[in-house]
Amino acid sequence: MYFDEVFDVVVIGAGHAGCEAAAAAARLGVQTALVTINLDLIGQMSCNPAIGGIAKGHLVREIDALGGVMGRVIDRTGIQFRLLNRSRGPAVQSPRAQADRSLYRLEMRRTLEGVPNLHLRQGTVVDFIVRNDQIFGVELQDTRRIGAKAVIVATGTFLNGTIHSGMRTYSAGRAGEPASIELAQKLRELGFPVGRLKTGTPPRLDGRTIDWDAFEPQPGDENPVAFSFATEKIEQPQITCYIGYTSEKLHQRIRENLHLSPLYSGKIKGIGPRYCPSIEDKVVKFADKNRHQLFLEPEGHNTNEVYLNGFSTSLPAELQQELVRMIPGLEEVKIIRPGYAIEYDFVDPRQIKPTMETIKIKGLFFAGQINGTTGYEEAACQGLIAGINAALYVQSRPSFQLRRDEAYIGVLIDDLIRDGVDEPYRIFTSRAEARLLLRHDNADRRLMPKGRELGLVGDEDWERFNRRRDRIMRLHRILETTRFKRSSTEYASLSQLLGCDLGDSISLAQLYQRQGVTVDLIYRLLPEPIRSESSIKELESALADIVYKGYIENQKSINERIYHYDELKIPENFDFRKVSGLSMEMIERMERVKPQTFGQLRKINGLTPAAVSTVLVYLTKK
């Protein structure tokens, strides 16, 4: 076969999945080509200019621990950092950062251009070169043919993408860029089961036309939590975001114009993300609410563009202008870019292996939205695993996989290949049985040794990791062995501070579990030199290990008990709404399937481990 160029691995698409896939494969020593329609839009944030969030921040930490690039890029380009769920337990706390959209894109390209063995190519892939169910390369629209031993498809929303704006519909991968129609057809011809999903984006506003005093300021954290374990400190200046609300007048205007929404007129057939509904969906499905929260998020230091988070819409552009001006504080606002909805093809993820390689075609890998997921972070972690395994495939090395109890990445991939998707998949902490163990702060201790073994973690990062791990292990020993006896002055002060007797003696670990004791207090009580050589973040991680130790052991017992009850009968016409603690989504899924046994219920697509456990407790009590 004739080829214009030959590489070991070809990655199609330079979104968040493609960037991680290409960087990982190249760093593992294989010659890798990253092919994209527009090289100036590598790492483009098509929707929200932010990285992280609940469980998503865990994914970014895990990507970083395995040697990925997303965490480092957002640390260099983030303009507001916040640790979410700070008031709750460490297991569900998660970092999030607002990004400077243009800087993120530029930094991602700069990072990829510095990776040895990685070659950037601009072009549109229109065909796969397949012989005897094995991939041999790709063909571009300009007739170039690129040979490869492995190909990773990371096309995002570009596969047969269709944009909806009111009653107007047109082909596009995202606003201003062409869809990948030929490649989508080739996937069908190869026999892959293809479906349609939908996502959307809100209008972008001109910040100069906003009455900022009408909104509630939402500053970032005073001491930002970085995503990469290599980042010592966030140096760049931070911005303030703002909180606003819709109004009942606005809701009524939307109801009057639902016939202009492609979502409600029947033009959109694809299923949208449940957890990021359009403003039309919010008004219809939550009719009892007279207002919905919005976030005004500046898109960078050097732009006036503002992202109206929470107002995703596919209503006509002229109506969007009228609607946003009904929001208090936006009476004079001007829209820079209208919002829109986009439908695109995806392939049933049950067609891939845990390595991200397809079952049908040897050497062909899928990553990102093609597998039915939504979100930059979900895409990036798939790209990382696909890039690793494509390189290992080329090198004839054993494949790399992560279990559910090892990483949120393992949870995500297992959910996809086991259950498939009936709506865009998003990661949540509730999806993980071992979520008390899979914290964002210990991602390096869980996964960096694996990254090192693969060859993705360099010497400097490995040495930094070992020093941090050693300090945390020393903290464990100090917390367990440092005790305050009744006769000591520290004991008297602590007893007076907490207003209770502490027994004959108490360790630092035991003290931390007393109500009213903070991490700062424990830090001040640490003996030298451990205090001066350890950080607050390392102490928090060590304390979380101690606090969750018993719960983790109990969780293992619960998991064993769950499998033990598979034959437990569920009464006919059982009312799942009577089970306290279940979300409406979980109830709807169980009512749709009507399981007769607990084993059948446990295997229902999309049911969270928390919901399964809740139902089991209810059934066994009854």
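**Helix packing, domain contact and local features**

Student: Is the crossing of α2 and α10 left-handed or right-handed?

Tutor: The model is a predicted one. In it, α2 covers residues 56-65 and α10 covers residues 376-394. The sense in which α2 and α10 cross is left-handed.

Student: Which residues of α10 make the contact with α2?

Tutor: On the α2 side, the contact is made by K56, L59, V60 and I63. Sorted by class, the contact of α2 with α10 holds 6 nonpolar and 3 charged residues, with no polar ones. The residues of α10 that take part are E377, E378, A380, C381 and L384.

Student: Are α2 and α10 roughly parallel or roughly perpendicular to each other?

Tutor: The axes of α2 and α10 lie 9 Å apart, at an angle of about 25°. Angles under 35 degrees count as roughly parallel. The two helices, α2 and α10, are therefore roughly parallel.

Student: How is α2 placed against α11: roughly perpendicular or roughly parallel?

Tutor: Helix α11 spans residues 408-419, and its axis is 9 Å from that of α2. The packing angle of the pair is about 110°. Because angles of 65 to 115 degrees fall in one class, α2 stands to α11 as roughly perpendicular.

Student: Which residues of α11 meet α2?

Tutor: From α2, the residues H58, L59, E62 and I63 take part. The contact of α2 with α11 comprises 5 nonpolar, 1 polar and 1 charged residues. The partners in α11 are Y408, I409 and L412.

Student: What is the angle at which α3 and α4 pack?

Tutor: Helix α3 runs over residues 70-77 and helix α4 over residues 101-113, with axes 9 Å apart. The crossing of α3 and α4 is right-handed. Their arrangement is classed as oblique, and the angle is about 135°.

Student: Which residues in α4 meet α3?

Tutor: Helix α3 contributes M70, V73, I74, R76 and T77. By class, this contact of α3 with α4 has 6 nonpolar, 2 polar and 3 charged residues. Those in α4 are L103, Y104, E107, M108, R110 and T111.

Student: What is the area buried between domain 1 and domain 2?

Tutor: The domain assignment gives domain 1 as 5-200 + 344-454 and domain 2 as 204-339. Their contact takes 53 residues from domain 1 and 47 residues from domain 2. Carbon and sulfur atoms give 54% of the buried area, and the area itself is about 3900 Å².

Student: Which residues in domain 1 lose the most area to domain 2?

Tutor: The C-alpha centres of domain 1 and domain 2 are 26 Å apart. On the domain 1 side, three residues together account for 18% of what that side buries. They are I79, F81 and K198.

Student: Which residues does P224 touch, not counting residues up to four places away in sequence?

Tutor: P224 sits in the loop between β16 and β17. Its C-alpha atom is separated by 7.7 Å from that of L83, 141 residues apart along the chain. The residues touched by P224, with that sequence limit, are F81, I234 and K537.

Student: What is the omega of the cis peptide bond that joins E528 and P529?

Tutor: P529 belongs to the loop between α16 and α17. The bond from E528 to P529 is cis, and omega is about 5°.

Key: Residues are numbered from 1 along each chain as its sequence is written. This is a predicted model: local features need pLDDT of at least 70, side-chain atom pairs count only at pLDDT 80 or more; totals for chains, interfaces and linings use all residues. Side-chain values use heavy atoms; hydrogens and water are left out. Axes are lines fitted to C-alpha atoms, for helices over the stretch in contact, and angles run from 0 to 180 degrees between N-to-C directions. Helices (H or I, at least four residues) and strands (E, at least two) are DSSP runs, numbered from the N terminus. Angles under 35 degrees count as roughly parallel, over 145 as roughly antiparallel, 65 to 115 as roughly perpendicular and the rest as oblique. A crossing is left-handed if the near helix is turned anticlockwise from the far one by less than a right angle, and right-handed if clockwise. Contact means heavy atoms within 4.5 Å. Ala, Val, Leu, Ile, Met, Phe, Trp, Tyr, Cys and Pro count as nonpolar, Asp, Glu, Lys and Arg as charged, and the others, Gly among them, as polar. Domain bounds come from an automatic or database domain assignment. Buried area is the accessible area (1.4 Å probe) that two parts lose on being put together, summed over both.
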